[in-house]
Each structure stands twice: as C-alpha cells, then as structure tokens.
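Visitor: I am new to this structure. Please show me how to read it.

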Amino acid sequence: MMKSGKLMVMTIFCLGITGCIGKSPQVAYFHLTPMEATPAQTQAMKARDSLVVGVGPVSFPEVLQRPQIVTRSDSNHYRIDEFQRWGGSLQDEFTAIFAENLAILLKTENVAVFPWEKHFKPRFRIILDVQRFDGRLGESTLLETRWTITGENGKQALRVGKSSIEKPVAKASYEAHVQGLGRTLEQLAEEIAAEIQRLEQGLE
C-alpha cells in the first residue's frame, strides 16, 4: 500500500508538470485606432467636398514589416516578441489610420490612400518615408518620418519636412505601447493638416 501510494503521488506530480510544460503563452493581437471625431467635425466632413487629398505612397523600415510588435531595449537593439502581434499589416494600418485622422482634421471625406482610382484627383498629395515607429516598452513611443506635400501630379513639392514625435508611456504593457504609437500618429496628422491648411489658404 505504501509503494502504491507513492506511485500515485508521483504519477499525479508528473502529470502536473506535463500539463504546465504543455501550455504555451497565448498570442495577443493589437491594432491602431483613429482619433475620435466630434459631432461637429463629422457634420463638417459630410458638408465639404472641395478639398481632395491623397495619401501615399508610404514607405516603412524593413524591420517593422513583420507581424510581431517591435520595440527597443536601447538605441542599437530591437526586441521582437513572438506573442505580441499586429492584427494585420502595420504599414497598411498606419497608412489607413493616418488618412482617417487627416480626414477628420481637414473636415473632408475626400481622402484616399494610394493607389487610388483613376477618377480620384487629389488637390494635395502626401508622401511619407517612415524611419521609426517603435519605442521603449513602459517608457515612450517614437515616430520619425520625412514627409512631402505635393500638388496633384506628385512632382512639384509644395512643402517638405521631417517630424520627430515622442510620447511618454505610463505602463510597461503592449496595450499602453500601442496606444502611445497611436498618439504619435495623431500628432503627425495634426502637423501635416496644419501645413495643408496653410497651403490651401495661400492658393485661394
């Protein structure tokens, strides 16, 4: 009976270990969200059709063209977490959310992402070269990009600039990190929307 009892205890213990070893961390998926439009902004967007804006092409660093969320441990080291991922293409989502933010700020529904339909004729076109869209987990997020605002044909540069936007992050979680990245994207849209408004006033 003693031996049988010991064997049973060992069997249960081994099964417990096997169960623990067999469990793998669950993959979490994240996505960026656009800024919230006020009722007045939404109403203005529906009423205005004179301003037409195209976004793209948008280039992205190769290291960010992957499903995993990329952060930095220091200036020379990336951290790529296999279990913290984007729900889709980060480059496509970045472009779509930027365009949506821009539409809200400029109060127009006529914002399209490159490549657009032949009938779409943007008055202004925004070309983005994203150099950084990462940050340190629990510390800050950073967006660095060079941008060009052109006329309709995309050849004449009307404005050229570089934005470096850093936002603090209070929590060392990927949810807080993604929210911080979203805030950098909102500020980029604000900066470029202001440039377009200045150009629009100068052209009218």
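Visitor: Where does Glu93 lie?

Guide: Helices (H or I, at least four residues) and strands (E, at least two) are DSSP runs, numbered from the N terminus. Glu93 lies in helix 3, residues 90-106. A caution: this is a predicted model, where local features need pLDDT of at least 70, side-chain atom pairs count only at pLDDT 80 or more, and totals for chains, interfaces and linings use all residues. Residues are numbered from 1 along each chain as its sequence is written, and side-chain values use heavy atoms, leaving out hydrogens and water.

Visitor: Is Glu93 buried or exposed?

Guide: Buried means under 20% relative accessible area, exposed over 50%, partly exposed in between (1.4 Å probe, protein chains only). Glu93 is buried. Of the 204 residues of the protein chain, 39% count as buried.

Visitor: Which residues does Glu93 touch?

Guide: Contact means heavy atoms within 4.5 Å. Leaving aside residues up to four places away in sequence, Glu93 touches His31, Leu32 and Trp86.

Visitor: Which side chain of opposite charge is nearest to Glu93?

Guide: Lys and Arg count as positive, Asp and Glu as negative; His and the chain ends are not counted. The nearest is Arg85, 14 Å away. Glu93 has no salt bridge, meaning a side-chain nitrogen of Lys or Arg within 4 Å of a carboxyl oxygen of Asp or Glu.

Visitor: How many helices and strands are there in the protein chain?

Guide: The protein chain has four helices and eight strands. Their order from the N terminus is α-β-α-β-β-β-α-β-β-β-β-α.

Visitor: Where is Phe83 found?

Guide: Phe83 is in strand 4, residues 77-86. Phe83 is partly exposed, at 32% relative accessible area.
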